[in-house]
Amino acid sequence: MYDRLDRITTRAEGDAAATFSNLFSLLNTELLFYAFRRLKRDKAPGIDGVTVDDYEENLQGNLQDLEDRIHRGSYRPQPSLRRDIPKGDGKTRPLGIACVEDKIVQRAIVMVLERIYEVDFHDTSYGYRPKRSCHQALADLGQTITRRRVNWVLDADIKGFFEHVDFGKLQELLGRRIEDSRMLRLITKFLHAGVMIQDQRYATTEGVAQGSVLSPLLANVYLHYVLDEWFEQVVKPRLVGEASIIRFADDFICTFERESDALRFREVLTKRLGRYSLELAEEKTKLLRFGRFASRDCQRLGEGAPGTFDFLGFMHYCGTSRAGKFKLKRRTSAKKF
């Protein structure tokens, strides 16, 4: 099984335009077993009440039956169980809890698709990827601000990203690499599985449920094409000065050398997101002077102290070292404290 997965990686690395049409056949008992072993045992059960320990009592028989239903086309994901968890600022975030069997299939799909998209994803993307963490994203951002030509920072926020992913656009973007219609149909089944809220089933017509095994990968694929690849291939070649982007899931920070480049990007970003049914949260999006020369420039222009921005739970601000040189400083964000 892992040899077959390695061959997918090799082909993806060798041809950036290659498409894959035989992925569905990988969803056999062996892969489902590996997927089951990756599940966490301390998670809440889905709407059927079955826990990981319950499913394991007849694991071989359950997985064989699951494989048969997947390949017959009779497998149907069950609705996810909706729970609202506090965000820390008085608001709540909807969390989707899938059944154990659905988690197994989703994990198996992720194990296959990761072999393609981990090759495609840019190094500036850190969220929910193997061997990548928020600590690395913060370190990369710190290196960029302190060592590169950064005078402006765009702190952008996508309004309700996970609730507004367009199914049609997502399938179109997945189709750039995946031509296996059976795999795409299986993913579509999960998208349309619905949600249970207070024993009432509601249909899902857009968005990917936070908390599911599959949604982080689908979200990364969506923003890879909508944001990361567009920024690298279309935006940066048209700018006068240096620019960079660092993204963790739907949170991203863009840095610019020139204000004119930052303003142009801010304008086209709204249009770009709109094409994919996304919208900037205007009240949370801001462009600020930042970097090694921000204090000097703010003082010269009478703007007061440089602004601050929040990223991954930390407030970032311009400071100085004991030697009097610029130093990027962080402290816990007030709303995350």
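**Close-up views of a predicted model**

**View 1. Charged side chains of the protein.** In this predicted model, the protein carries 56 positive and 48 negative side chains, and the centres of these two sets are 5 Å apart. The accessible surface on which the legend also reports comes to about 17,100 Å², with 46% of that area belonging to carbon and sulfur atoms.

**View 2. The overall fold.** Eleven helices and eleven strands make up the secondary structure elements of the protein. The radius of gyration is 22 Å, close to the 20 Å that the globule rule gives for 337 residues, so the protein is as compact as a globular protein of that length. Taken along the principal axes, the box filled by the C-alpha atoms is roughly 75 × 45 × 35 Å. Among contacts with a separation of 6 or more, 69% are accounted for by residues 24 or more positions apart.

**View 3. The largest nonpolar core.** Buried residues make up 47% of the 337 residues in the protein, and the largest nonpolar core holds 78 residues, of which Leu23, Ile104, Phe256 and Leu269 touch the most other members. Helix α9 (residues 215-235) supplies the largest share of this core, namely twelve residues. Apart from this core lies another one, of 18 residues, which includes Ala137, Ile145, Ile253 and Phe290.

**View 4. The surroundings of Leu23.** When its neighbours within four places in sequence are left aside, Leu23 is in contact with Ile8, Val112, Leu113, Ile116 and Ile178, and also with Asp180 and Met183. Leu23 is itself one of the residues that touch the most other members of the largest nonpolar core.

Methods
Residues are numbered from 1 along each chain as its sequence is written. This is a predicted model: local features need pLDDT of at least 70, side-chain atom pairs count only at pLDDT 80 or more; totals for chains, interfaces and linings use all residues. Side-chain values use heavy atoms; hydrogens and water are left out. Helices (H or I, at least four residues) and strands (E, at least two) are DSSP runs, numbered from the N terminus. The radius of gyration is taken over C-alpha atoms; the globule rule is 2.2 Å times the number of residues to the power 0.38. Buried means under 20% relative accessible area, exposed over 50%, partly exposed in between (1.4 Å probe, protein chains only). Contact means heavy atoms within 4.5 Å. Accessible areas come from the Shrake-Rupley method with a 1.4 Å probe; for residues, only the protein chains shown count as cover. Lys and Arg count as positive and Asp and Glu as negative; His and the chain ends are not counted. The place of a charge is taken as NZ of Lys, CZ of Arg, CG of Asp or CD of Glu. A nonpolar core is a set of buried Ala, Val, Leu, Ile, Met, Phe, Trp, Tyr and Cys residues joined through side-chain atoms within 4.5 Å.
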